[in-house]
Amino acid sequence: MNRITLTLIATLALGSAGAQSTIKIASIAPLSGGQSAIGTQARNGIQLAVQEYQPQFKKLGITLQFVPFDDQADPASGTAAARKIAADRTFLAVVGALNSGVTIPVSAALAPSKVAMVSSASTANQVTDRGLSNMNRVVARDDAQGPAGANFLTQTLKAKKVYILNDKTSYGEGLATEVEKALKAKGVRVITNEGTDEKNDFSGLVAKIKLQNPDAIYFGGIYNQVGVFIRQLRQAGINTPVVGGDGLDSQELLTIAGKSAENVYFTTGAAPVEALPAAKTFAATYLKTFKQPAQGFAVYGYDAAKVVLQGVLNATKANKNKVPTREQVQTAIRKGTFKGLLSGTASFNSAGDRKAATLYVMKVGGGKVKLSTSIPVKPSKP
């Protein structure tokens, strides 16, 4: 062999070793479009968790990289990102997706490649009911959130007649269906469970609601749509309470609805920062880093990322401090117990649901979002 050949072999060997010592963690969330406010919060929380874990991986000779993907809350964009992740073997896990309608096809696309996912926000029952080994989440399911919303409607608001709306997505339809089921079981009259993908002109819908005169309105949807609906509802002189799920959990709801954001409530698995004593340092770091306050989606993005990163670290250590396989990471996440999260210890059942979670009921009014009450919940399966 001549010197040039030896040099080339050495270069290739170094390049190969470098590639093997790099681990990538992806996130999939809406970073542009109508839901970018919550997607950006989640991504920022994930970024802080990665920065915390990078020194631990560096000690093992591994470079930890974070690659965020923008799905624009669109299943096709999310699936396209999933294909890129599956093709790059240095990606070992994904934090996300955010929307259930994206998480469901993305997790199916990544399942054959055994790329583990931990969602910080997807609540639809179908996310984990499909029995995929790679899919986990740190938030409560719709069949926990729906009854919690129904209990609030009946016990706190004393509603006897409810008009239900949904945004025609996996998330909104799933949540609205669970609320409808729980209300009917309590003997409450459900006027309708109507789907709408309208974003700008709710005049026809508002007119129908005015005729029916419900005691409360439940809307399974996202803040960018529901905020416009609330504004037009109040402008029509209808002050009926509006209740929703965690899709309303964004300060942007106040911006979009403006002064009309009164007598509005929502359930969420993402605790407000002030409700979590452990989040005080995180909130200060977040504010310093991103020049804006942390919200619930940032907290749960951080926690979901810590589950992923600790799972990867556990798998690495079990693999004699070498880069683990995707399957080893998938197993380490599903079977692990993760302490030190802002939302408390997390572990998963056989379906990938968190064994113990908390739901929060938030009240919107006076230009603020305040904690009303908290409810401990468990998944339907042990």
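**Figure 1. The loop that holds A97.** A97 sits in the loop between β3 (91-96) and α4 (100-110). The peptide bond from G96 to A97 is cis, and its omega is near -5°. For context, most peptide bonds are trans. A word on the model: it is predicted, so local features need pLDDT of at least 70, side-chain atom pairs count only at pLDDT 80 or more, and totals for chains, interfaces and linings use all residues. Residues are numbered from 1 along each chain as its sequence is written, and side-chain values use heavy atoms, with hydrogens and water left out.

Figure 2. Q72 lies in the loop between β2 (63-70) and α3 (75-87), while N213 is in the loop between α8 and β8. Q72 is not a glycine, yet its phi is positive at about 55°. N213 is not a glycine either, and its phi is positive at about 50°. How exposed is Q72? Its relative accessibility is 47%, so Q72 counts as partly exposed. N213 comes out at 53% and therefore counts as exposed. (Buried means under 20% relative accessible area, exposed over 50%, and partly exposed in between, with a 1.4 Å probe and protein chains only.)

**Figure 3. The five-strand parallel sheet.** This open sheet runs in the order β2-β1-β3-β4-β5, with parallel pairing; two strands pair if DSSP finds at least two bridges between them. At the edges are β2 and β5 (135-137), each pairing on one side only. Neighbouring strands are turned by 20° against each other on average, direction ignored. Zoom in on β1 (residues 22-29) and you'll find eight bridges joining it to β2, the two running parallel. In this pairing, K24 stands opposite Q65 in β2.

**Figure 4. The seven-strand mixed sheet.** Here the open sheet goes β7-β6-β8-β9-β10-β13-β14, and its pairing is mixed. I164 stands opposite Y218 in β8.

Figure 5. Helix α7 (residues 170-185) lies across β6, β7 and β8, at about 165° to β6. Helix α8 (residues 203-212) also lies across β6, β7 and β8, running at about 165° to β6. Contact means heavy atoms within 4.5 Å. Axes are lines fitted to C-alpha atoms, for helices over the stretch in contact, and angles run from 0 to 180 degrees between N-to-C directions.

**Figure 6. The α12 and α13 crossing.** Helix α12 (residues 296-318) packs against helix α13 (residues 326-335) at about 120°, with the axes 8 Å apart. The two are therefore oblique to each other (under 35 degrees is roughly parallel, over 145 roughly antiparallel, 65 to 115 roughly perpendicular, and the rest oblique). V307, V308, G311, V312 and A315 of α12 make the contact with Q328, V329, A332 and I333 of α13.

Technical notes:
Helices (H or I, at least four residues) and strands (E, at least two) are DSSP runs, numbered from the N terminus.
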